[in-house]
Amino acid sequence: MTTTETEVKEETPPEEEEFDYSKVEEIIDSLPQKSRRHLIPVLQRIQGAYRFLPEEALEVLMEELRISRAEIYGVISFYPGLMITEPGKYILKVCIGTACFVKGCEIICNKVNEKYHIKVGETDENKLFTLQTASCMGNCGAAPILVVGDDFYGNLDPEETLSTLGSYEDKE
Amino acid sequence: MSIVAKKICNFKINDQEVTAPEGMPILDAAQRNGFSITNLCFNRKLKPFAACRTCMVEVKDDGKKELVYSCTHPVSEGIEVQINTQETDRYNNACLELLLVEHPLDCPICDKSGICPLQDNTEAMGIYDGRFEIKRRNEPSIKTNPIIEFYLNRCIMCGMCVRVCDETQGVQALDFHRRGYGVVIGTANEEPLDCEFCGQCITVCPTGALNDLTSQARGLAALFKNTYSTCNYCSWGCTVKLETKSGQLIRIEADETLGLGINDGNLCAKGRFGHGFVQSEKRLKVPMANVGGSFQEITWSEAIQTIAERLQSTVNRNGPAGVAGIASEKMTNEEAYLFQKLFRKSLGSNQVTNLQNIRAPYVNEFMQKCFDNGIESKPVTELENSDVVLIFNSDLPSEYPVGGNSVRKGVIFTGTDIILANPRKVIFKSEAQNQIELTFSVGSDMALANSLSKIIIDKKLVDLNKAQKAVPNYGDWVKSLDSYSSDQAQRLTGLSDDQLTKAAECFAKPADRYVLVGNDILENAQGESALNALLNLCILVHSGGEGSVSVYPPREHCNSQGVNDMGVTPQYLPGYKKIDKNSSAALAKAWGIEKLDLDQANHAESLFENCISGDIKALFISGEDPLTSYYKGSLVKDALKTVPFLIVQDSFMSPTAEMADIILPSCSFAEKDGTFTNMTRHIQPIREAVLPEGSARPEFDVLQELAEALGKPFNAGSIEEVQKEIEDVVPEYKGAFKGKGSPQWKPSQTGSNPGFAISEDYKEPKEQKGFPFRLITNNHMFHIGNYTQHCDALNTVSGEQSVQINRKDAQTQKIATGDKVKVESKNHSTVLTAEVNGVSAPGTVYIAKNWVEHSINLFRNGEEGYVPVKISKAE
């Protein structure tokens with residue numbers, strides 16, 4: 001490494017869409033002070049704005065808060081909620097708490113995998129669904145539970161998983 | 001010491017009365033008092049972390065018993081500490097046992113075996129049969145970079161590498177990833193490590209999870225032969241441990257033993273990984289003579305005989321001033337001393353010098369003026385206790401990386417404030433609460449220092465009456481600063497009034513101050529005046545302010561200070577004695593001759609010009625390659641072409657050696673004994689670790705033989721005898737050669753002749769038509785020009801030479817990183833790869849020197865200062 005400052009991407013290839021820096025800049029500008037103390041809330045807000053943590057935004061963050069790559073990714077790798085790749089349009093959260101486990105959450109995951117070929121943490125080809133698990137939603141009476149985007153499905157018959165998801169495919 | 005003294009506490013460890021400064025962790029205090037406590041994650045250079053949980057002790061405070069972790073618990077008055085009680089052993093043992101569940105115990109092939117704290121602690125606690133089932137990890141080793149191997153199976157998650165990388169080096173290349181059960185140490189997204197390659201992580205790793213890939217052997221470091229020596233690269237003077245096995249130099253390591261050397265167990269990339277040249281295939285192995293344009297091997301006796309005859313005949317024909325010598329800034333003190341003795345005693349010539357002295361004779365004067373004003377400067381080991389550090393025109397992580405380590409330690413443990421003044425926007429990462437960055441206009445060094453002085457005076461930030469009484473020409477000097485009004489200061493330096501005032505206030509406040517001056521200042525056309533302006537600033541706070549100020553002259557190589565101390569300059573005899581009747585007589589007495597009759601000519605001051613003019617007929621260059629390293633390359637070329645007889649002594653073939661009549665192979669620092677004096681005047685030993693390559697010989701022996709062949713042998717033969725003679729001739733060196741310490745020599749007289757150095761007015765750099773950019777150049781983090789180019793490890797990490805261009809300039813010229821760019825001066829042009837960033841100021845380009853392929857010194861054509869150049873995209 002030479003004594004250069006952290007590189008900001010010099011130019012984007014013309015075929016790619018220009019990255020929208022305004023959102024990340026706005027988030028950083030709104031900080032009370034530019035300090036690594038604010039790292040986690042800033043990451044959450046960037047993810048809120050871009051749906052995930054794009055490399056370009058992180059590079060701006062590294063330069064502004066003077067945090068190294070290793071440190072920033074060290075934090076991100078701890079929180080499953082922070083994503084560095086773009087998720088599907090809907091995030092599927094399958095509860096794997098004790099009650100949901102007994103009521104067949106594994107079948108739900110298998111069904112999803114059969115049709116969309118995604119395992120936990122992965123996104124399907126059409127960027128529609130990203131499969132995640134949740135440890136307990138706190139509503140065990142409604143087990144098994146599946147959350148699709150913002151929609152909540154309790155007492156789901158695991159066999160009906162695919163038809164439930166099918167309605168989201170139709171919306172496209 | 002910082003001006004804020006720490007309270008000393010009295011307390012007991014194992015019923016024994018001990019003392020330690022308030023706030024020091026119990027573990028550190030115990031170690032300093034000779035007690036040992038089990039621990040794996042404590043390092044006194046780093047902030048306490050308490051990861052390993054194996055250092056529990058019992059503390060009684062006011063009769064109340066507590067079990068605490070000694071690495072984080074500070075000492076306080078009257079506490080009673082008990083180490084290794086039954087209870088603490090139970091806890092500490094359990095944690096060690098748990099670590100051994102995963103640790104592979106592949107000790108016979110581990111680099112740390114024998115010096116491993118995990119081994120030592122296990123042994124000390126007698127844990128031979130753990131209670132738990134063994135469950136080893138089996139991850140492959142990671143070798144994605146050429147220098148540092150990650151073998152994470154051995155990792156015990158102490159976090160030392162992560163912390164040293166962040167706190168000591170300011171790089172943060174490593175961190176914990178996937179925290180939780182699967183936690184590992186590594187880089188972001190497992191990318192290949194791209195860092196400063198200082199290797200501190202290897203030193204601090206307690207278990208061999210990080211390994212040095214440049215090492216020629218694996219395992220059992222404890223069985224290698226260790227030779228303590230001093231690094232042969234920059235002028236900081238780090239103590240290194242040369243590790244050899246079967247006559248091979250295996251690797252170089254740092255040693256963190258308290259009080260050893262001045263570097264606190266820190267090294268940089270060059271010092272640690274730059275050992276490949278020592279036993280390189282390309283070393284010069286035999287003496288050679290130039291016969292009709294090609295080099296032919298000759299014997300040592302032929303070589304010595306020929307040189308002696310030619311030197312003698314030149315003296316006979318042209319007088320003693322016809323022979324001249326350049327001594328390397330990498331010679332030992334003993335060799336440098338003999339070098340000037342050969343010329344002065346055996347040849348009667350005063351024409352000895354070194355490259356820095358030819359370029360900037362004012363650096364020695366700067367040091368003298370500091371002493372005259374009573375600025376003695378403290379040992380550099382105190383740098384970590386300073387309150388304010390002014391880093392003036394130095395890219396510290398590249399120029400003196402280990403200096404940067406000390407400054408960062410000061411920031412953490414003393415709360416040091418940093419003022420970073422540089423024409424480039426260089427990065428110095430630290431946790432300083434107050435880091436003032438002054439990115440001033442190129443060339444305005446002098447204006448900046450004068451402006452700071454002016455602000456201190458105008459705002460009465462120091463006691464001006466005291467300063468006026470202490471320094472006779474105070475009034476004249478203050479008058480000379482009249483032109484630096486606030487507006488003018490802002491215009492010249494490009495800094496705001498606010499920035500300048502903040503810096504002045506920080507520097508003038510009661511404090512122990514250190515000023516680290518970079519060699520970049522010599523690039524300035526008014527280098528001498530710039531140094532004087534800085535000196536005046538120091539005199540002002542020294543005489544009028546509270547606390548202290550330490551300032552060292554800029555030096556580039558490992559013994560740049562020593563060669564000057566030893567009198568390898570035409571201006572001074574050894575010990576900076578003016579050449580007059582008295583000192584010549586004293587020297588003659590020491591040398592056992594009746595009279596020292598030196599020539600009165602002064603050819604060495606403008607040595608290369610005098611080679612061209614024909615005044616110098618024979619030139620002896622020992623261990624330098626001025627064609628590449630002297631700042632005016634084309635001048636040297638003409639000089640070496642003209643001079644009738646040229647002797648070059650070096651370890652490698654170089655462009656300079658290729659022009660020689662006789663080449664003598666010399667030993668590297670690892671093949672000889674002697675001492676180096678660093679820029680902060682610490683005298684430190686170098687020791688022979690391996691046998692010389694081929695028939696290479698230390699300059700020390702060669703100079704002795706030359707003196708004999710000239711019929712005027714030296715009266716001191718061995719290194720010890722020469723050291724004794726140096727102690728007699730240079731009283732400042734008395735006692736410096738004994739023992740294992742790193743003594744700093746003190747001037748025999750200080751404060752005898754105070755006075756501000758009033759110098760010429762600041763001249764704004766002139767524009768040169770058609771060449772709108774200024775070329776800035778300095779040593780690179782991985783290359784310093786003496787032999788680093790022969791170290792494969794450094795070459796692989798440094799990549800190719802590049803030209804750094806500011807973003808704005810790059811945009812107007814349509815240049816992007818990676819493009820080929822033609823850089824042209826009036827004299828020279830070359831094509832380099834562009835590196836576009838915000839470090840170089842607009843209107844400047846930066847090229848690191850010391851790559852052999854592109855000699856930066858050829859850009860210069862006689863002029864001083866920053867060379868005007870133009871850049872264009874190459875096709």
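In what order do the elements of chain A run from the N terminus on? Select chain A and follow the chain: the order is α-α-α-α-β-α-α-β-β-β-α. That comes to seven helices and four strands, where helices (H or I, at least four residues) and strands (E, at least two) are DSSP runs numbered from the N terminus.

Before going on, note that this is a predicted model, in which local features need pLDDT of at least 70, side-chain atom pairs count only at pLDDT 80 or more, and totals for chains, interfaces and linings use all residues. Residues are numbered from 1 along each chain as its sequence is written, and chains are lettered from A and ligands numbered from 1 in the order in which they are written.

Stay on chain A. Of its 172 residues, 27% are buried; a residue is buried if 20 or more other C-beta atoms lie within 10 Å of its own, exposed if 12 or fewer, and partly exposed in between, with C-beta atoms placed from the backbone. Among contacts (C-beta atoms, placed from the backbone, within 7 Å) between residues at least 6 apart in sequence, 62% join residues at least 24 apart.

Next, colour chain B by pLDDT, the predictor's confidence in each residue from 0 to 100. The mean for chain B is 92, and 100% of its residues reach 70 or more. For the complex, the predictor gives an ipTM of 0.71 and a pTM of 0.90.

Now select residues 323-327 of chain B, which form strand β15. Five of its five residues are buried. B:Val323, B:Gly325 and B:Ala327 point one way, while B:Ala324 and B:Ile326 point the other way. In a regular strand the side chains alternate between the two faces of the sheet.

B:Thr353 in β16(B) is the bridge partner of B:Ile326.

Finally, select B:Cys161, B:Ile419 and B:Leu534. These have the most contacts inside the largest nonpolar core, which has 183 residues; such a core is a set of buried Ala, Val, Leu, Ile, Met, Phe, Trp, Tyr and Cys residues joined through C-beta atoms within 7 Å. Helix α18 of chain B (residues 527-544) gives the largest share, ten residues.

Technical notes. Two residues are in contact if their C-beta atoms, placed from the backbone, lie within 7 Å. Two strands pair if DSSP finds at least two bridges between them.
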